[in-house]
Amino acid sequence: MSEEGYDHTAVERRWQEAWAEADAFRTPDDAEDPTYVLGMFPYPSGKLHMGHVRNYTITDAYARYRRMRGDDVLHPMGWDSFGLPAENAAKERDSDPRDWTMDCIDTMRGQMESMGFGYDWDREITTCEPEYYRWNQWLFRRFHEEGLVERRAADVNWCPSCETVLADEQVEGEEERCWRCDSLVEQRELDQWTLGITEYADELLSAIDDLEGWPDSVREMQRNWIGKQEGSVVEFEVGEAPTDSGSGDDGEPRTFGPVEAFTTRLDTVFGATFFALAPDHPISEELAAEDDAVHEFVHNEADPDGDEPNGVETGLTATNPATGEEVPVFVADFVLSDVGTGALMGVPGHDERDHAFARRMGVDVVPVVAPEPDVEGADPEVPDVSEGAYTEDGVLVNSGEYDGLTSAEAREALTGAIDSADFHTQYRLRDWLISRQRYWGTPIPVIHCDDCGPVLVPEEELPVELPEFVNTTGNPLDAAEEWKHTTCPDCGADAVRETDTMDTFVDSAWYFLRYVSPDLEEAPFDVERADDWMPVDQYVGGLEHAVMHLLYARFATKAVSDMGMLEHREPFTNLLGHGMVQLDGEKMSKSKGNTVSPQRIVGEYGADTARLFMMQAARPDTAFDWSEEGVRSTHRFLGRLAETVRSFVDRESEPAGDDDPTAAYVRSEVDAAVAVATENFDDLGFDLATREAQSLVATLRGYREYVDEVHAPTVERGLQVALRLLAPVAPHLTEELYAELNGEDAGLLVDAEWPTADVDTDEARRRRQLVENTRDDVRNIVDVAGIEDPDRVDVVVAPEWKHEALAVALDSDADNLVGELMGRPEIQRHGSDAADYAKDLQAEREALRPALSPEHEREALEAAAWLVEREFGAPVRVLAAEEADDDVASTAEPGRPAIEIVE
RNA sequence: GCGAGGGUGGCCGAGCUCGGACAAAGGCGGCGGACUUAAGAUCCGCUCCCUCAGGGGUUCGAGGGUUCAAAUCCCUUCCCUCGCACCA
């Protein structure tokens, strides 16, 4: 192992125990407003994977950083432990979902501990425990009281493989596949429980604007999902055509009454030349029962997923409420029953899809909106819509008294003028269907009574606990006869329990509130403390939950807030979606077989290496490739860090190095590192922060190698800083080295104070820039001039008056800068040099930037002189302008010293 | 199709919010040097082209424009990724 390694296993275990002993991550209940750092709690699938490691390293590093900054920190962990995999696993091995889940939790908790994640385990929550899920049931009751729970018969998404229904959010893609198992989702009609998320649609949408700490992508996805559309509803009278008694019987033509359609383009109603119904619209179904062609279409031809808009003529007509004309009615497969009202007015002139359909079915195409004329007052030119629709807004034509109005005006006017029309806002968002026909979830606390209907289980009888698991093909709750049969809470008659369980997203919709008071027995959470501690300051998780979990959590928070239980209306102030861990550009996944096991990495290199490698590899929100080479390199760095600290601690006698300019350079680099890394930690830029810390260690090592004797206080401070800057990311080794450096009595590094540095980061950057530029210039000269072996390098700082001139120039708004400068005696007295420099300044005027002060510039250069000496093996003199030859000094400018290299 | 985010030197990736220090941070890879018996590790440089003292030229998907000045602002266009999608 030698310098390369250290006994990470022993070191890591030692400090994990020490932290536990010291209760280092405990958040006391009386904490006032701790910084709440939270990673999305995992489903306990059995083993930690790299995605987990990345996620939880980010939260842990940030939590540790905030703690060192002096904050109280709340950093809890729990288990999203209900769900189908446990049930499937139990079926496979003929055991119990609970046992399997608890085993997984134990394993994963152990792995988290071995990663050194600092959680307040006293706040651990496990959603599959009655102590947790009773509050799902309790909240279900409260939601019910608020009128947010409904039971309705509905066509639902049914996953045949999972044997359960799915929420809309859980159906993915055009083909409609199950989010979990990828099976094709079917439709079934079932009585299901829903939560009234649509009541909050408007607020869920508008409040997105204020979620400034969230990624734009997530905000946009939520906006799209909610899908607010403002428009109008309007009715069309539908019936058999008056001139043709389609049934052949005598008597009046049948009417089907008014049928409502939703449109965002009521301005085009004069061009509505047909009307279309969804195949499963009640009228379609009625017609299908008596008309073979419609029946054939509805049951066999309709292809809602196809590209072509298909339809069948019904023989009915609808009355266009604007023109009074009778237009044909179709049953068409592009009309979807769950969009709008399941019926639409077709305007082929101004909608591409309607246009395609109309051409296919031979329906008239009438343009009623024209592009707004360029010239005010000119007559609009009616667009040619024979080949394609004109879909933009414009001004109305062929629309009777509405001609000339803009589209927006016409929508307003027509909605007012048409009796049956009204403004209407519709959403794509549906109520949240939470019924699942599965065992391993929260039982929905309802009892079905023949007389009373569905009755809520009274509060005092909660929780309704799951019965013993039975391995059966259907829903095990249905098979649990003894559990299922009970009596009605209202009338006492024989009754049966609801056998559906809740969607597991219910568990995660409010779990962040439970951490506040995980053991509370009277309520789901302590209201006062939640007011103090919420919202979560920094939430971190995968963006696969951009819509589902994050939307449900926002909904639950708002609903709970409206119940008077919380004063906050949003759960997560800042959201970070961490990027993927990839291998050769591909997502790691079990199915691809390209996973890297965190356990192996921890065993081989240690948790610190794994953590530091991941954090330095990329910004936390971007994907990055796992690289074994990178891991080794990180591991070597930690070895060097250890060696650097230990060789300092083990020094035989106090080094006699002076506090010379070189030491001053090191000190300024220490300060710069503190300033820069702190900034980076603040905005989760762990890659930049750790890089800064690593380069500080390199500086310290370079210093140690260059001088015979280091200035001990300077190196000591450098090491103290380096350990602290790395502590959040590589906590074990830094803790070990901290103890070695400071002795056993110094306390723990987790509790140590974050270092401060009294430097301005801009100033530090300017200083680094000056040094770097100067070194570059020296190299350039040596190279270009072909200097083999320099004897001496003189670096000459610009004279005071040039700095003054620059300052004046920066400040001046005079037209003639040269005049202004030369008007100043202290500048003017430098004669033609002054005039030349003034001209330079004038020429560069717009691009001038402030430089370091002459003293700072000189200090910085003197401090960095050793770098040049080391590189070129020649002594370096840093001179004031007055100390150098005039012809050399004259080329010096602020920020750009003159350089003279003597061979 | 709609929406969002991107396209930077061999690769990865900063910078682009507030145009000037940008030939453009950092890392990786490659090259040279120090150390070493050697390798490894470590350390110091180089890595668009030209250059006789710090200079010049051509670059930031493509094409225009604004400006004294653009990787950075505006317009057009191409390509990539991700969401949503026969949404009325």
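The legends below go with close-up views of a predicted model.

View 1. As a reminder, strands of a sheet pair through backbone hydrogen bonds, in either the parallel or the antiparallel sense.

**View 2. Zooming in on strand 26 and strand 27, which pair in the parallel sense.** Strand 26 covers residues 536-541, and five bridges link it to strand 27. If you want a pair to look for, V540 stands opposite L576 of strand 27.

**View 3. Strand 1, with five of its five residues buried.** Side chains of a regular strand alternate between the two faces of the sheet. Here, T35, V37 and G39 point one way, while Y36 and L38 point the other way. Residues on both sides of strand 1 are buried. Strand 1 runs parallel to strand 2, and two bridges join them. T35 has V73 as its bridge partner in strand 2.

View 4. Strand 28 (residues 581-583) runs parallel to strand 30, and the two are joined by two bridges. Look for V581 and its bridge partner F624 in strand 30.

**View 5. Helix 21 against helix 25, with axes 10 Å apart.** Helix 21 spans residues 661-682 and helix 25 spans residues 761-784; they pack at an angle of about 130°. That makes the two helices oblique to each other. Helix 21 passes helix 25 in a left-handed crossing. On the helix 21 side, the contact is made by S668, E669, A672, A673, A675, V676 and E679. Helix 25 brings T761, A764, R765, R767 and R768 to the contact.

**View 6. Helix 1 crossing helix 24 at roughly 85°.** The axes of helix 1 (residues 8-22) and helix 24 (residues 731-742) come within 9 Å, and the two helices are therefore roughly perpendicular to each other. V11, E12, R14, W15, Q16 and W19 are the residues of helix 1 that take part. They meet P731, H732, L733, E735, E736 and A739 of helix 24.

**View 7. P728, in the loop between helix 23 (712-726) and helix 24.** With a relative accessible area of 0%, P728 counts as buried. Leaving aside neighbours within four places in sequence, P728 is in contact with A61, R64, Y65, M68, R611, F681 and W754. V750 is 22 residues away from P728 along the chain, and their C-alpha atoms are separated by 8.1 Å.

**View 8. T194, a residue of strand 9 (residues 186-195).** T194 is buried, with a relative accessible area of 4%. T194 and W432 are 238 residues apart along the chain, yet 5.2 Å separates their C-alpha atoms. W432 is also among the contacts of T194, together with D431, L433 and I434. L148, V149, E150 and R152 are in contact with T194 as well. Neighbours of T194 within four places in sequence are left aside in this list.

**View 9. Cysteines in a structure with zero disulfides.** C104 is in no disulfide, and the nearest cysteine sulfur, that of C128, is 11 Å away. C104 has 6% relative accessibility and so counts as buried. How far is the sulfur of C452 from the closest cysteine sulfur? The distance is 3.6 Å, to the sulfur of C491, which is too far for a bond; the cut-off for a disulfide is sulfur atoms within 2.5 Å. C452 is partly exposed, at 31% relative accessibility.

Key:
Residues numbered from 1 in each chain as written. Chains lettered and ligands numbered in written order. Predicted model: local features only at pLDDT ≥ 70, side-chain atom pairs only at ≥ 80, totals over all residues. Heavy atoms only, no water. Pairing = 2+ DSSP bridges. Helix = DSSP H or I, 4+ residues; strand = E, 2+ residues; numbered from the N terminus. Buried < 20%, exposed > 50% of the residue type's maximum accessible area, 1.4 Å probe, protein only. Axes fitted to C-alpha atoms, helices over the stretch in contact; angles between N-to-C directions. Parallel < 35°, antiparallel > 145°, perpendicular 65-115°, else oblique. Left-handed = near helix turned anticlockwise from the far one by under 90°. Contact = heavy atoms within 4.5 Å.
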